[in-house]
Amino acid sequence: MTTPAARRRGIVEALNRSFRHWGLLPAVVLFALLTGYPIVNLLRMAVSTIEFRDGRESWTFTPGRNWELLLADSALSPVVRNTLVFVLVAVTLEMLIGLALALAIGAMERGKSLARALMILPILVPPVAIGSMFKLMFNHDFGFFNQILGWIGIAPVSWLGSPSLALLSVILVDVWHWVPFIFLILFAAVEGLPREVLEAAQVDGATRSQQLWRVTLPLLVPAIVVALVFRAVLAFKTFDEVFLLTGGGPGTSSELLSLHLYKVFFEQNQLGYGALLSVFTIAGVLALLVIARWVTRRWATR
Amino acid sequence: MAAVSISRVEKSFGQTSVMKGIDLEVADGEFVVLVGASGCGKSTLLRMIAGLEAISGGEIAIGGQRVNEMEPRERDVAMVFQSYALYPHLDVRGNLGFSLSLRRTAPPAIEAKCRQTAEVLDLSQLLDRFPRQLSGGQRQRVAMGRAIVRQPKVFLFDEPLSNLDAKLRIAMRTEIRSLHQRLGATSIYVTHDQVEAMTMADRMVVMNDGRIEQVGAPLEVYDRPDTLHVARFIGAPSINVIEGRAAGPAGGPVPVARLITNSGIELELPAWRGLRSGRALSAACRPEHLQLHPGGPLRGPVSVVERLGHETYVYVDTPDGRLCALADRNIDLRPGRPVSLAPVQDAMLLFDTETGRRLEAEINR
Amino acid sequence: MGWALLCAALLLILVPFAWILIASFKHPIDILSGTWSFKPTLDNYTDVVFSRRSDFMAAVRNSLLVAVASTSIVLVIGTLAAYSLHRFAWARWVSVGFLGWTLAFHLIPVLTLVGPWYLAFKSIGLYDTKFALVLIHVSINLPMTVWLMMSFFRDIPPEIEQAALVDGCHPLAAFWRVMLPLVVPGLIAAGVLAFVFSWNEFSVALNLVSQTNATVPVVVAKFAQDYEIQHGQMAAASMLATLPALALMVFGQRFIIQGLTMGSVK
């Protein structure tokens, strides 16, 4: 006969023994359901055509059709090109500016916490609001940028309306959005540099420039690489700002990968083709990740 | 090689003055140790010499040249840091040759110098290793090698042995000392360990609270400490201090000054004359000058017996505090056993309790 | 030099907000003419907040519900998972597998999965519910929460936990009474970040919920999407959407910075 107290103890014992399992289980289960299962579904979707009739979906197995759609998608190659250009240019700019800021502010004596505090603002603002804000600022007639250009005597520019500038505008907004993030990571790394090593370099005879290039930067390389790879892969996710700013236009001049996926899925309603694209995108991102890790491994042990 | 001259140096952080009136002359080729407790200012002074801290007042000159306004790299000094501060991204060879490569010395010359220095410090096998792959003692030697390669005017050491274990510390002490003898380099060495100071210094500089208390050769400072602080700081186990007041000479054939301790015990002070009665005094006596002597004036039960192998120290709880006496190595004493101690008269030191300064004995023996 | 760059950077960051703030108080005519002297008006704000078209307040309610719910859930299961991974020895394939998969998921564009999510939730009748959104937000924020909490757990000296066990604690008690209180800063950091990212989340909310369940970002987007773009309202909506971020910046910046820098330098 077990008393209520003994039963309680028994339950507690059981919970303790299985803690390691049920601690991890909810996360694993939820994650598997919400990410693993959909990915498996993606593969199924990629070889099917999905239509909605009378509010119900019907699946037809059509392995070749989505391929044809892909090959026939005239927007695909500009989108891929745009995305690569975007990632390359935006991330490079963000890294350079972020690094410069981290080094410059790291060398300051006061004002560092003020800098850090203000830098987190762009990270916290909803990307949609950022897109919305800059859409107004890029406005051809009354926008901030054209106002400034007007003050120095340059004719108003169609930032969002001209094919040649649309992508650039998107890049600029992305740089504004993410430089603070890079700054925060690199600034933390700069602050974490061993002070005595830098002093040793000073005593050993290094000029400011030599200290920077031969000690500080080499010591920052691990953090820089992490920030770079992280940001670069994340850059492929960009959606909110582009959606707001240009919607991909004019034409496809500023359409990025995520936006294209959106259009295929929800404007063209091509769920099967969209799934195929998704599969390729995921594979591409994972491949990028594997390559990045392989490269950094090689670098670290050279 | 050069002499270092420190005159009327002051240091303040903001409004707070932490150091004032520091004067010190380090001769060319001398090994000077700055020793003191944490916070006494020794590291700050060293860093001012290196140029890593600004000099708030006074002047520091190296080789006769004023360096107050010079950047560290212009002063031609080398520093060995407490944490070694090796360049993590360079191997040992790279660390040793870093300063030379900064001056754009030709690679073959750098290589030759590195090899040479590595030989001296027994690092030749480790030239291709990185700091993270080295032990504490090896890193320490690389840090020294880095300094030696530069052949600077002055070597500065900032507590380089603090992070090593006891045995290694003792081994490195002698290594640094023999290196100094070989290179004859002007060296300023900072430590909080008075044993290091005693064993390594040509001259010791005992610092306290931003001031220099005493400068002198180790034995001189040991035998004739200028202040009570120095007497207490130098020497292990610590010197025994008994507080009391001077008393007029007792009646008798030879009038001899006496010390009445705070617990009422009378100690004779034959070496001093003319002490004002009632003056607060601290009598200090090193353990080796306090002997177990039946009938001695200081009595109490044995508290702890420490046998170190070559020596044995006996701690006795007397009414005037716990006193430490050096005893015969094989002595058989148990805690609790009552004993009496007597100080060796010649070796007793007297300090004015208020000023902390030592009183000179009137009779020279 | 540092000050110059800092000032330039601060200006660049603050100027857009300042400009939009000013614009949000302008009449449409003043916006279009780009004048700097104008009579301020609150019309834009009242339009946005009380407009029947957009039902801003409902969106705020929705965002709040979803953010609070998803943050609470992700903190609980994320912290438990992080602790389990940190404290107990798992086979390599488990820990590397789980953490690797969370990393991969974090890097994949969310839109690749919106399609399958759409179908899946539709088929179980949960399409266009806040519940679906909460679940998805939990998965989106789970990677970051787990890593963040793991790094905070790692920062605690192992001796403390061992002392607790020696003192007679069950693993559960050790977790609840010793480890958890010690990682409160981490919980706050992770919580703040999870809340912010849930609040800001757009791509999923756009496609998986309709008007009634719309969140704030969706509503903000609406103002920029219409044919007749209401510039004033756009500005006002943007400003309103930024308010939570501003509040958090003032009150939670220490934790946010800790969270962002720790979470990334895994």
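Two residues count as being in contact if their C-beta atoms, placed from the backbone, lie within 7 Å. With that in hand, select chains A and C: 77 residues of chain C are in contact with 78 residues of chain A. On the chain C side, helix H13 (residues 231–264) gives the largest share, 16 residues. (Helices, H or I of at least four residues, and strands, E of at least two, are DSSP runs numbered from the N terminus.) Colour that side of chain C by class and you get 58 nonpolar, 19 polar and no charged residues. Here Ala, Val, Leu, Ile, Met, Phe, Trp, Tyr, Cys and Pro count as nonpolar, Asp, Glu, Lys and Arg as charged, and the others, Gly among them, as polar.

A quick word on what you're looking at: this is a predicted model, where local features need pLDDT of at least 70 and side-chain atom pairs count only at pLDDT 80 or more, while totals for chains, interfaces and linings use all residues. Residues are numbered from 1 along each chain as its sequence is written, and chains are lettered from A and ligands numbered from 1 in the order in which they are written.

Next, show chains A and B. Their contact takes 15 residues from chain A and 17 residues from chain B. On chain A, click helix H10 (195–204), which gives the most, with 7 residues.

Last stop: chain B's open sheet, with 5 antiparallel strands in the order E15-E19-E16-E17-E18. Strands pair if DSSP finds at least two bridges between them. Which strands stand at the edges? E15 (290–292) and E18 (321–327) of chain B do, each with a single partner strand, so one side of each lacks a neighbour in the sheet. Zoom in on Leu292(B): its bridge partner in E19(B) is Leu341(B).
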